[in-house]
Amino acid sequence: GITALFHTLSEHPQILPPSFKELQFFGSGFTYAAGASFYTAQFPCGIQDYHATMDASPGYMVSLGAAERISADLPNLHKFIVCLRDPVDRTYSHFAMVARMDPDLLTRIYEQYYYTSTTGTNTSGYNIHNNSGNDDSFQQEQQRQNGTVPTMSVPGDL
């Protein structure tokens, strides 16, 4: 993916990588407002000494205004490499990254599900129970009273 490409290109003697991956300079209005000097300062050896530089920021793909900023500020840009990935793999990878950054995330998700399942109150805003009238409401009520966790049901065929 992007990390492997970043590391491979970083090893090339004529390509200058930034001091860290995912600068997000062109994607964030806040960072972009810091100006070109802020951006070039992220390349520690001086841009003029290299044949090419790179910025590995996947957020540019979904950031409003990023394409326009890149086009306006880098009119001589010769190559723009885009890595696309299977959306399911990408979602899982992103979730795993967030979970590494926030080890309590899975616990909070489980607690939210358990709370919703046992109380019927869902603070997340999503209805995770099948309220079509075909479910066994008596059984669900018994499970709530007994403190057992019911299985999550989803309306319709997904």
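A salt bridge is a side-chain nitrogen of Lys or Arg within 4 Å of a carboxyl oxygen of Asp or Glu.

**View 1. The salt bridge between Lys21 and Glu22.** The structure holds 1 salt bridge. In this predicted model, the side chains of Lys21 and Glu22 meet at 3.3 Å, N to O. Lys21 is partly exposed, at 25% relative accessible area, and Glu22 is also partly exposed, at 31%. Here, buried means under 20% relative accessible area, exposed means over 50%, and partly exposed lies in between (1.4 Å probe, protein chains only).

**View 2. The stacked rings of Phe25 and Phe38.** A pair of aromatic rings is described by the distance of the centres and the angle of the planes. Rings of Phe, Tyr and Trp (its six-membered ring) pair if their centres lie within 6.5 Å; planes under 30 degrees apart count as stacked, over 60 as edge-to-face and the rest as tilted. The structure holds 8 aromatic pairs. In one of them, Phe25 and Phe38 are stacked, with 6.3 Å from centre to centre and 25 degrees between the planes. Phe25 lies in the loop between strand S1 (15-16) and helix H2 (29-32), and Phe38 in helix H3 (residues 36-41), so the pair ties together parts that are 13 residues apart in sequence. Helices (H or I, at least four residues) and strands (E, at least two) are DSSP runs, numbered from the N terminus. Phe25 is buried at 3% relative accessible area, whereas Phe38 is partly exposed at 35%.

**View 3. The edge-to-face rings of Phe26 and Tyr60.** The ring centres of Phe26 and Tyr60 are 5.9 Å apart and the planes stand at 75 degrees, so the pair is edge-to-face. Phe26 is found in the loop between S1 and H2, and Tyr60 in the loop between strand S2 (52-53) and helix H4 (66-73); the pair therefore ties together parts 34 residues apart in sequence. Phe26 is buried, at 3% relative accessibility, and Tyr60 is buried, at 11%.

**View 4. The surroundings of Gln42.** Gln42 lies in the loop between H3 and S2 and is buried, with a relative accessible area of 12%. Leaving aside neighbours within four places in sequence, Gln42 is in contact (heavy atoms within 4.5 Å) with Pro18, Ser19, Phe20 and Leu23.

**Notes to all views.** Residues are numbered from 1 along each chain as its sequence is written, and side-chain values use heavy atoms, with hydrogens and water left out. Local features need pLDDT of at least 70 and side-chain atom pairs count only at pLDDT 80 or more, while totals for chains, interfaces and linings use all residues.
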